[in-house]
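Please consult the sequence and the structure shown below while reading.

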Amino acid sequence: MTDTARARKLADRIRVVVAETLQRRIKDPRLGYVTITDTRVTGDLREATVFYTVFGDEEERTASAAALESAKGVLRSEVGRQTGVRFTPTLTFVPDALPDNARTIDDLLAKAKASDAQVREASEGATYAGDADPYRRPEEDDEDGGAPDEGQGSEGTPKA
């Protein structure tokens, strides 16, 4: 039986330890501006997936990924020292897709805004195809005399 609360606590602690260690101890020149966004630990506490983002272009992302892979041993030993768990989880670094998703959403919102502007421009001088209010009102029916009385059928004969 897995303890998800314990896994969450360990994941949070691993995220903090990895971020602090990257900031203070790892001096690899390939390591760019890396942000640890999330960490997930399996239920048996054996494997930890660390999600990260890199500020910069594709070349900096590739270099930072290589620097994280080379620093994996130092990071794992520091995680084991600071967490005190019996088995230190193996670390897997995965680039986070959050910035790409945010960029896609921004692009979609820009397209929707442009489409709304086109619709607004097209409808500026437009008028209704028929009357402004196409619905009949009961007062109009009474004036025309076209509405049958409640006690009569459709032909004007009393209901049975």
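In what order do the three strands lie in the open sheet, and what is the sense of their pairing? The order is E1-E2-E3, and the pairing is mixed. At the edges are E1 and E3 (residues 90–95), each of which pairs on one side only. Neighbouring strands of the sheet are turned against each other by 30° on average, direction ignored.

## Overall organisation

The model is a predicted one. The protein contains five helices and three strands, and its elements follow the order α-β-β-α-α-β-α-α from the N terminus. The protein has 160 residues, of which 22% count as buried. Among contacts with a separation of 6 or more, 58% are between residues 24 or more positions apart.

## Strand pairing

Strand E1 (residues 33–41) and strand E2 (residues 47–55) run antiparallel and are joined by eight bridges. Within this pairing, Tyr33 is placed opposite Phe55 of E2. The two strands form a hairpin with five residues between them.

The pairing of E2 with E3 is in the parallel sense and comprises six bridges. Here Phe51 stands opposite Val94 in E3.

## Helix H2 on the sheet

Helix H2 (residues 58–70) packs on the sheet and touches E1, E2 and E3. The direction of H2 makes about 150° with that of E2.

Ser64, Ala67 and Leu68 are buried in H2. Viewed down the axis of H2, the buried residues fall within an arc of 100°, so they line one face of the helix. The cover over these buried residues includes helix H1 (4–24), helix H3 (72–83) and the strands E1, E2 and E3. On the face turned away from the buried side, H2 carries the exposed residues Glu58 and Glu59.

## Aromatic pairs

How many aromatic pairs does a search of the whole structure find? The search finds two. In one of them, the ring centres of Tyr33 and Phe55 are 6.4 Å apart and the ring planes stand at 85°; because planes over 60 degrees apart count as edge-to-face, the pair is edge-to-face. Tyr33 belongs to strand E1 and Phe55 to strand E2, so this pair ties together parts that are 22 residues apart in sequence. Tyr33 and Phe55 are both exposed.

The rings of Tyr52 and Phe93 have centres 6.5 Å apart and planes at 70°, so this pair is edge-to-face as well. Tyr52 lies in strand E2 and Phe93 in strand E3, and the pair links distant parts of the chain, 41 residues apart.

Are Tyr52 and Phe93 buried or exposed? A residue counts as buried under 20% relative accessible area. Tyr52 has a relative accessible area of 5% and is therefore buried. Phe93, at 9% relative accessibility, also counts as buried.

Note on methods: Residues numbered from 1 in each chain as written. Predicted model: local features only at pLDDT ≥ 70, side-chain atom pairs only at ≥ 80, totals over all residues. Heavy atoms only, no water. Pairing = 2+ DSSP bridges. Helix = DSSP H or I, 4+ residues; strand = E, 2+ residues; numbered from the N terminus. Axes fitted to C-alpha atoms, helices over the stretch in contact; angles between N-to-C directions. Contact = heavy atoms within 4.5 Å. Buried < 20%, exposed > 50% of the residue type's maximum accessible area, 1.4 Å probe, protein only. Arc of directions from axis to C-beta. Phe/Tyr/Trp six-rings, centres within 6.5 Å; stacked < 30°, edge-to-face > 60°.
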